[in-house]
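Let us go through some labels and ask what stands behind each one.

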Amino acid sequence: MSKIREAFVNGKAFIPFITCGDPDLETTEKLVYAAVENGADLIELGIPFSDPIAEGPVIQRADIRALESGTTTDKIFDLVRKLRMTVAIPLAFMTYANVVFSYGSEKFISSCKEIGIDGLIIPDIPFEEREEFLPICRRYGVALISLIAPTSKQRIATIAKEAEGFIYIVSSLGVTGTRKEIATDLQAIVDVVRENTDVPCAIGFGISTPEQAGQMAACADGVIVGSAIIQIMEQYGREAAGPVGEYVKCMKEACTAFEAHK
């Protein structure tokens, strides 16, 4: 069993997203520890990029703050090495193709393996172009996470059949950010996924409240939250570890509550 698959073994997984270096890497380290202590099953670590096209204004601002604080890919690699001394849950990087290309794809992905990164999410690479990275990822045992969006339609089955690690289902059209309501027929997407693979799927984009987390847990294997966590970061800055930990605990409990009442 892959390490990422283990995150989904004990019920519905809660997956927080944290932008590395916002406002600094010392705070990022504290946030990861707080998330783990409060029930996170897998953590997405965002490597900041100057033009994150899939992100809404909240995460865009986080990327700017991280870059302005001097965050680099090498410094993030060093942080993960330190985290891996105590953090056992799966970790995945989320970043953009330019970050990987500019670092050198082979060097980047082999470094992921060396420091203990289990998966890689690159939202600006279409499924049909993932051969740019897939052979290297497989060579080093790093899962290249596929994304399925409401617009994927007839491609959903194809993407699901080739998926590794877990499948990231995008809940809504547009960019990341909290939403009052998620109107996409996600159950229909999940049904097609499950007809074609046993790889677990998690829903992200727009989820911010325990109620929404419970709704998403009702049809998927996991729930991903980013912008709502970054908003807490904006509010509390270097003192955000405690509030973020409390939020993660609340959201994990919402997923667990669904399991208890099935």
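Contact here means heavy atoms within 4.5 Å. This is a predicted model, in which local features need pLDDT of at least 70, side-chain atom pairs count only at pLDDT 80 or more, and totals for chains, interfaces and linings use all residues. Residues are numbered from 1 along each chain as its sequence is written, and side-chain values use heavy atoms, with hydrogens and water left out.

Q: Which residues is Cys219 in contact with, leaving aside its neighbours within four places in sequence?
A: Leu186, Gln187, Val190, Arg194 and Ile203. Cys219 itself sits in the loop between helix H10 (210–217) and strand S9 (222–225). Helices (H or I, at least four residues) and strands (E, at least two) are DSSP runs, numbered from the N terminus.

Q: Why does Cys219 count as buried?
A: Buried means under 20% relative accessible area, exposed over 50%, and partly exposed in between (1.4 Å probe, protein chains only). Cys219 has 6% relative accessibility, so it counts as buried.

Q: Why does Glu68 count as exposed?
A: Its relative accessibility is 67%, so Glu68 falls in the exposed class. Glu68 belongs to helix H3 (residues 57–68). Its C-alpha atom is 9.4 Å from that of Asp24, 44 residues apart along the chain.

Q: What is the relative accessible area of Ile18, and is Ile18 buried or exposed?
A: The value is 3%, so Ile18 is buried. Ile18 is part of strand S1 (residues 13–19). Not counting residues up to four places away in sequence, Ile18 touches Thr28, Leu31, Val32, Ile43, Glu44, Leu45 and Gly46.

Q: What makes S7 and strand S8 (residues 201–204) a pair?
A: Two strands pair if DSSP finds at least two bridges between them. S7 and S8 have four bridges, in the parallel sense.

Q: How many bridges join strand S6 (residues 146–148) to S7?
A: Three, and the two strands run parallel. Leu147 stands opposite Tyr168 in S7.

Q: What is the handedness of the β-α-β crossover from S6 through helix H8 (residues 156–161) to S7?
A: Right-handed. That label applies if, with the strands pointing away from the viewer, the path from the first strand over the helix to the second runs clockwise.

Q: Why is one side of strand S5 (143–144) and of S6 left without a neighbour in the sheet?
A: The open sheet has nine strands in the order S5-S4-S3-S2-S1-S9-S8-S7-S6, with parallel pairing. S5 and S6 stand at its edges, each with a single partner strand, so one side of each has no neighbour in the sheet.

Q: At what angle do the axes of helix H2 (residues 25–37) and helix H4 (residues 73–83) cross?
A: Roughly 35 degrees, and the axes come within 11 Å. Axes are lines fitted to C-alpha atoms, for helices over the stretch in contact, and angles run from 0 to 180 degrees between N-to-C directions.

Q: What is the handedness of the crossing of H2 and H4?
A: Right-handed. A crossing is left-handed if the near helix is turned anticlockwise from the far one by less than a right angle, and right-handed if clockwise.
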